[in-house]
Amino acid sequence: VAPATAMASSAAPIGVFDSGVGGLTVLRALRIAMPGEDFIYLGDTARLPYGTKSADTVVRYSLQCAEALVARGIRCLVVACNTVSASALPALRARHPGIAVIGVIEPGAAAAVAASQSQHIAVIGTEGTIGGGAYSAAIRRLSPAARVAGTACSLFVAMAEEGWVAGPIAEAVARRYLEPVFAGAGMGASSGASGAPDTLVLGCTHFPVLVEAIRSVIPCSVRIVDSAETAATAVRQTLGIGPAAAALGRGSVQWLATDGAVRFARVSGTFLGTALAADAIEIIDL
Ligand code: DGL
């Protein structure tokens, strides 16, 4: 498929895509960082989750998502999905050399290296993100001696979409995944002395909404890095937009999904704070 071509002007919208609703945590951070910009958000809800699929499939789906957004004249593409950022950035950049393609892993890795004193860093994400080793590689490029402990927390994705983000069930699942990672540190204890990681990267777009449950089962001294916030800063810097820059757009968002406007709208509440209206979401076919 030939790449779509569209004139991208400085006032053109910023394209953001994810496998589904999780990227809304990144969009929320982008809108806080750049409130005057216009965005187009695409959630590939028909094919969610990406996190359990092969890298080849994720690359193929990602190229189709990007194509749809580029055809609508975006000036920059934000890959608001860790699984896609882990495997598809080179293919996306090769297909769309005329626009900046920004993922969430490099900014998250940089923030983790900056936050960690011991350079012993835990990363949680989907099977695809952790299995591919993208965070370990990105962290070690910045801090060659860093120790990185990766854990796939697949159930967190479904729990976040179900709205089970706090309380006994969320905490029990968080404990099951994270206790082994921080074993020996002891609840409420400091992490560094025991040799446990002192920093935890939320390497999946769904995980920021579970932060309360995650926080309750790890040592209190562990620093939590949210790749959504750090990616938003990276996008702002890449586009050369200062914190107090004059707005180029109207602060609007155009919502696109590949399936299930009603479900997308309902689940969006967990990720955005307020739920969208289903009729605000345009269903498209990739
Ligand atoms: N958006 C994905 C990520 O950040 C999580 C959901 C999925 O598996 O598709 O890795």
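I count a residue as buried under 20% relative accessible area, exposed over 50% and partly exposed in between (1.4 Å probe, protein chains only). The model is predicted, so I take local features only at pLDDT of at least 70 and side-chain atom pairs only at pLDDT 80 or more, while totals for chains, interfaces and linings use all residues. I number residues from 1 along each chain as its sequence is written, and my side-chain values use heavy atoms, without hydrogens and water.

**Entry: Ala-278**

I looked up Ala-278 and got 27% relative accessibility, so Ala-278 counts as partly exposed. I find Ala-278 in the loop between helix H12 (261-272) and strand E10 (281-283). Helices (H or I, at least four residues) and strands (E, at least two) are DSSP runs, numbered from the N terminus. Leaving out residues up to four places away in sequence, I list Ala-261, Val-262 and Ala-265 as touching Ala-278 (contact: heavy atoms within 4.5 Å). Val-262 is 16 residues from Ala-278 along the chain, and their C-alpha atoms are separated by 5.0 Å.

**Entry: helix H11**

I checked the span of H11 (residues 227-238). Its 12 residues should span 16 Å at 1.5 Å a residue, and the end C-alpha atoms are 16 Å apart, which agrees. The expected span is 1.5 Å times one less than the number of residues. Buried residues in H11 include Ser-227, Ala-231 and Val-235. At the start of H11, I see a side-chain oxygen of Asp-226 within 2.8 Å of the backbone nitrogen of Ala-228. Gly-240 follows H11 with a positive phi, near 70 degrees.

**Entry: whole chain**

I get 12 helices and 10 strands for the protein chain. Of its 286 residues, 55% count as buried.

Terms used
Polar contact = N/O pair within 3.5 Å; in protein donor to acceptor, adjacent residues only side chain to side chain.
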